[in-house]
Amino acid sequence: MTAPKRTVLRLRRLLAALVALACAGTATACVGTDDRPRVVVTTNILGDITQEIVGDQAEVTVLMKPNADPHSFGLSAMQAAQLERADLVVFNGLGLEENVLRHVRAAREAGTATFEAGKAVNPLTFQTHDEGGPKEEAGQPDPHFWTDPDRVRKAAGLIAEQVVEHVDGVDDKAIHANADRYDDQLADLTAWMDESFDRVPEQRRALVTNHHVFGYLADRFGFRVIGAVIPSGTTLASPSSSDLRSLTRAMREAGVQTVFADSSQPKRLAEVLRTELGGRVRVVELYSESLTAKGEGADTYLRMMRANTTAMTDGLTGA
């Protein structure tokens with residue numbers, strides 16, 4: 001961060017501290033006067049990862065609520081202002097937060113440091129429809145990198161570097177210690193997923209999902225993506241009748257009998273396939289693009305990935 005930008009951020013925190021002192025001497029309640037360094041994160045998956053890195057060294061604000069859709073959630077005026085007051089903004093990017101990215105750009109133009117995690121982890125591109133990917137987005141970067149825990153390990157390490165570089169007042173040693181601890185947990189997750197997926201025979205390693213979200217997982221763990229009910233990388237698209245016919249034909253040819261549907265999205269379209277294929281399709285819920293509220297099964301990235309791995313393994317082996 002340049003010296004002028006650091007000066008602006010320090011002045012903002014000084015002003016917040018002065019306001020807090022003024023509020024302390026009056027009966028008026030003041031909001032938003034926390035003078036700690038602030039990291040703002042767009043999606044709740046990245047928010048959990050960032051919180052693991054930051055710990056208690058700074059305030060971490062996550063803009064996306066539990067069980068929300070990253071493609072469609074928006075910001076209030078207050079949340080948009082939080083982006084410009086942050087020391088660092090962490091966002092997924094690659095087009096994921098479709099209604100939020102303009103606010104991130106505005107914050108960057110106002111001098112806030114931003115980090116686009118998806119762009120920094122060697123993103124894959126969507127393939128053509130014949131290869132299981134959305135035809136209209138072929139060649140475009142796939143934003144769903146978190147389904148590959150190895151890429152999350154890389155992203156977590158880079159987030160730690162960004163926090164140390166841009167967030168004044170944090171203990172660098174504490175940040176790096178947090179990052180090392182979390183890296184060990186992510187390495188354990190990858191090893192466990194490898195072992196779990198080894199139970200799935202080669203001929204059954206075929207995925208059909210609500211929309212194209214598991215390309216990274218398929219690439220990392222050796223699965224084939226047969227297709228998606230919504231032939232797009234975003235939930236905002238809709239399938240045509242010809243898309244559904246093509247998908248049901250591909251499923252019959254591949255012998256696929258399981259469709260994985262996001263737990264936070266309506267399953268109506270996945271249920272249509274069940275009807276099209278004569279009721280022989282099993283619809284299994286996954287947590288694909290959002291964490292849940294606490295206690296609902298996928299309230300951290302690590303729990304989400306373990307829940308999904310178990311559901312996929314059981315769904316593909318008939319357990």
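Colleague: Leaving aside neighbours within four places in sequence, which residues is isoleucine 45 in contact with?

Modeller: This is a predicted model, and in it isoleucine 45 touches Trp146, Ser288, Glu289, Ser290, Leu291, Tyr301 and Met304. Isoleucine 45 itself belongs to helix 2, residues 44-54.

Colleague: Is isoleucine 45 buried or exposed?

Modeller: Buried is the term used under 20% relative accessible area. Isoleucine 45 has 3%, so it is buried.

Colleague: Over how many bridges do strand 1 and strand 2 pair?

Modeller: Strand 1 (residues 38-41) pairs with strand 2 over 4 bridges, in the parallel sense. Valine 40 stands opposite threonine 61 of strand 2, and valine 39 has valine 60 as its bridge partner in that strand.

Colleague: Now the helices. Which residues of helix 4 are buried?

Modeller: An α-helix has 3.6 residues a turn, so residues three or four places apart point the same way. In helix 4 (residues 101-109), the buried residues are Leu101, His103, Val104 and Ala107. They span an arc of only 155° around the axis, which places them on the same side of helix 4. The face turned away from that buried side carries Arg102 and Glu109, which are exposed.

Colleague: What covers the buried residues of helix 4?

Modeller: The cover includes helix 3 (77-85), strand 3 (88-91) and strand 4 (113-116). After helix 4 comes glycine 111, with a positive phi near 105°.

Colleague: Which residues are buried in helix 3?

Modeller: Gln79, Ala80, Gln82 and Leu83 are the buried residues of helix 3. Their arc around the axis is only 150°, which puts them on the same side of helix 3. Exposed Ala77 and Met78 sit on the face turned away from it. The buried residues pack against strand 1, strand 2, strand 3 and helix 4.

Colleague: At what angle do helix 6 and helix 10 pack?

Modeller: Two packed helices are described by the angle between their axes and the distance between the axes. For helix 6 (residues 172-197) and helix 10 (residues 301-317), the angle is about 5° and the axes are 10 Å apart. The two helices are therefore roughly parallel to each other. Residues making the contact include Tyr182, Leu186, Leu189 and Trp192 of helix 6, and Tyr301, Met305, Thr309 and Met312 of helix 10. Tyr301 is also one of the contacts of isoleucine 45.

Colleague: One point on backbone angles. What phi does asparagine 67 have?

Modeller: Its phi is positive, about 60°, although asparagine 67 is not a glycine. The residue is in the loop between strand 2 and helix 3. With 35% relative accessibility, asparagine 67 counts as partly exposed.

Colleague: And where is leucine 94 found?

Modeller: Leucine 94 is in the loop between strand 3 and helix 4. Leucine 94 is not a glycine either, yet has a positive phi of about 55°. Its relative accessible area is 17%, so leucine 94 is buried.

Definitions and conventions:
Residues numbered from 1 in each chain as written. Predicted model: local features only at pLDDT ≥ 70, side-chain atom pairs only at ≥ 80, totals over all residues. Heavy atoms only, no water. Buried < 20%, exposed > 50% of the residue type's maximum accessible area, 1.4 Å probe, protein only. Arc of directions from axis to C-beta. Contact = heavy atoms within 4.5 Å. Pairing = 2+ DSSP bridges. Axes fitted to C-alpha atoms, helices over the stretch in contact; angles between N-to-C directions. Parallel < 35°, antiparallel > 145°, perpendicular 65-115°, else oblique.
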